[in-house]
Amino acid sequence: MIRDITIGQYYPADSILHRLDPRVKLSGTLIYIVCLFLVKNLWGYLIAALCLGAIIRLSKVPFGFIVRGLKTIIILLLFTVAFNLFLTSGTPIFEWKFIRITKEGVSLAFSMAVRLILLILGSSLMTFTTTPNQLTDGMESLLGPLKKLHVPVHEIAMMMSIALRFIPILLEETDKIMKAQQARGADFETGGIIKRAKAMVPILVPLFISAFRRAGDLAMAMEARCYRGGEGRTKMKPLKYHKPDGIAWVAIVCFIALTVVSRRF
Amino acid sequence: MKMIEAKKLIFEYIRRDEEGNVESIDKALDEISLDIEKGDFVAILGHNGSGKSTLAKQINAILMPTEGTLYVNGMDTKEEDKLWDIRQSAGMVFQNPDNQIIATVVEEDVGFGPENLGVPTEEIWKRVEKSLRAVGMYEYRDHSPNKLSGGQKQRVAIAGIMAMKPQCIVLDEPTAMLDPDGRKEVIRTIRELNKEEKVTVLLITHYMEEVIHADKVIVMDDGKVVMQGTPREIFSRVEELKRYRMDVPQITELAYELKQKGMPLPDGILTIEEFTEAMKRLEQ
């Protein structure tokens, strides 16, 4: 059940996108999301969708694999569409008993749905093409200026990468605990949502205890390997800009320009 | 030259109640004095609660002595400004391989130690390659540690320590969570590092089979060093070992029992080969 989530996973492949500097991909994704909310008309969405399609082709990640990530937000998507469709006031185009659909509602629902879909596809494409470590490295470097404001940037990045490393281990542990409890007659499969949620509590307690124990062990192992924070640390894989990164930046600027121009139509 | 030198080392775990009053004092280490020479392979034996893990943590300066002194590579572990030098010269491998691997890729994990020491980038890559080759895990450098077996993970952890170029490795029950194949794999790696890279090895274990190749065996019980000597010397004292709730290797015990029943076998037989040799000599 937890394994179905594809958002945040890495899809190993050898493409230009995979080799790009994580900083470019991170800022590019952020810019893309901001642009999505600047878009005013159909032209803008068309540009955004076409650009994303081209990038997906470049990434060599199968389209079906990316779309599967949408499954997890389908309920959210339906809710957004329904609320916008039925609750927006304006000129009515369809009326039946208490249901009233307006012209503004249709266009709002449409634009929200497209935005949401493109947003999810765009950001999951970034995580598909970037390893967790590159991602945290990129974030550490992009947030670097915040160090002057005493934000513990290195520590946050380190915590994130350790969290990512322990996700599969804790999933395995959850599985083990569930099986051990099922072997003793615990029931996780029948009953309504509330009953199932209640059945999860006895799993969480041992999971937390073991997570704390692991954290203690890991902290000791890190200290034994001379870890003492970000000060004086060197990097095994330092981030360096290459030629493709420059080209990517040009493409990003072009995309911003296109989006801004599309607002005028 | 001495790698580790302990002088009347005492360590107490002090348990306090909620108001901070001392409830009880457990003496985990009781006047331990020992010397470990550079390049030696030393095994420390002891059943649970004998203080062997506490001693290991002292060597890595994770714990400080309550009384007495401990010198690691000539440095007093109580000197705070030497802390990182001590940890660099005496690396430590722990029991659970999962809880000591930090990165999501094997080579990045091996690079973690040198990164912390501030080693330049090109030098880190050289060290990572060399130590991964030394433990025979170079082909797995771009794998995720989650997909490796227990023995392989533990070898990656050892490579992570080797990349810091320590003079001494302390292994705290590195095989306790592994299957027999993984155990053999790890012990073979440790022996090779000791022979080829001349690293001092301090292996803490409760598996007797793992200590027969050591240069020296130290037996601990209740926070004290109770026996010291070569494996052969130690294992010829079967009765004494049993008193400290230790098992001797099966073949050693068999030879011992046979000898008790009147067969003229030599003391301290450690391997099946030695045993069959001795039996052959008896037949002639």
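What share of the contacts in chain A with a separation of 6 or more is between residues 24 or more positions apart? I looked this up before anything else. The share is 76%. I note here that I am working from a predicted model.

**Entry: chain A overall**

I went through the secondary structure of chain A. I find 10 helices and two strands. Read from the N terminus, the order is α-α-α-α-α-β-β-α-α-α-α-α.

Next I checked the dimensions. The C-alpha trace of chain A spans about 65 × 55 × 40 Å along its principal axes. Its radius of gyration is 23 Å, whereas a compact globule of 265 residues would come out near 18 Å. I also looked up burial. Of the 265 residues in chain A, 20% are buried.

**Entry: the two domains of chain A**

I took the domain bounds from the assignment. Domain 1 of chain A covers 1-130 + 241-265, and domain 2 covers 131-233. Seven residues of domain 1 and 10 residues of domain 2 make the contact between them. I sorted the domain 1 side of that contact by class. It has four nonpolar, two polar and one charged residues.

**Entry: the strands of chain A**

I turned to β1(A), residues 92-96, and β2(A), residues 99-102. They run antiparallel and are joined by four bridges. A:P92 stands opposite A:T102 of β2(A). The two strands form a hairpin, with two residues between them.

**Entry: where chain B meets chain A**

How many residues of chain B are in contact with chain A? I get 31, and they meet 25 residues of chain A. I then asked which elements of chain B supply this side. Those giving two or more residues are α2 (83-89), α3 (106-117) and α4 (121-134). The largest share comes from α3(B), with seven residues. By class, the chain B side has 14 nonpolar, 13 polar and four charged residues.

**Entry: B:M92**

I picked out B:M92, which lies in strand β6 of chain B. Is B:M92 buried or exposed? I count 26 other C-beta atoms within 10 Å, so B:M92 is buried; the cut-off for that is 20 or more.

I listed its contacts, leaving out residues up to four places away in sequence. B:M92 touches B:A56, B:N60, B:V170 and B:D172, and also A:A224 from chain A. B:C168 is 76 residues away along the chain, but the C-alpha atoms of B:M92 and B:C168 are separated by 8.7 Å.

**Entry: helix α5 of chain B**

I looked at α5(B), residues 150-162. This helix has 13 residues. From first C-alpha to last it reaches 18 Å, close to the 18 Å expected at 1.5 Å a residue.

Why do I call α5(B) largely enclosed by the rest of the structure? Because 12 of its 13 residues are buried. I wrote down some of them, including B:K153, B:R155, B:V156, B:I158 and B:M162. B:Q152 and B:Q154 are also among the buried residues of α5(B).

Last, I looked up what the buried residues of α5(B) pack against. The partners are β6 (90-93), α3, α4, β7 (168-172) and α6 (180-196) of chain B. Strand β6 is the one that holds B:M92. Helices α3 and α4 also give residues to the side of chain B that touches chain A.

Notes: Residues are numbered from 1 along each chain as its sequence is written. Chains are lettered from A and ligands numbered from 1 in the order in which they are written. This is a predicted model: local features need pLDDT of at least 70, side-chain atom pairs count only at pLDDT 80 or more; totals for chains, interfaces and linings use all residues. Two residues are in contact if their C-beta atoms, placed from the backbone, lie within 7 Å. Ala, Val, Leu, Ile, Met, Phe, Trp, Tyr, Cys and Pro count as nonpolar, Asp, Glu, Lys and Arg as charged, and the others, Gly among them, as polar. The expected span of a helix is 1.5 Å times one less than its number of residues. The radius of gyration is taken over C-alpha atoms; the globule rule is 2.2 Å times the number of residues to the power 0.38. Domain bounds come from an automatic or database domain assignment. Two strands pair if DSSP finds at least two bridges between them.
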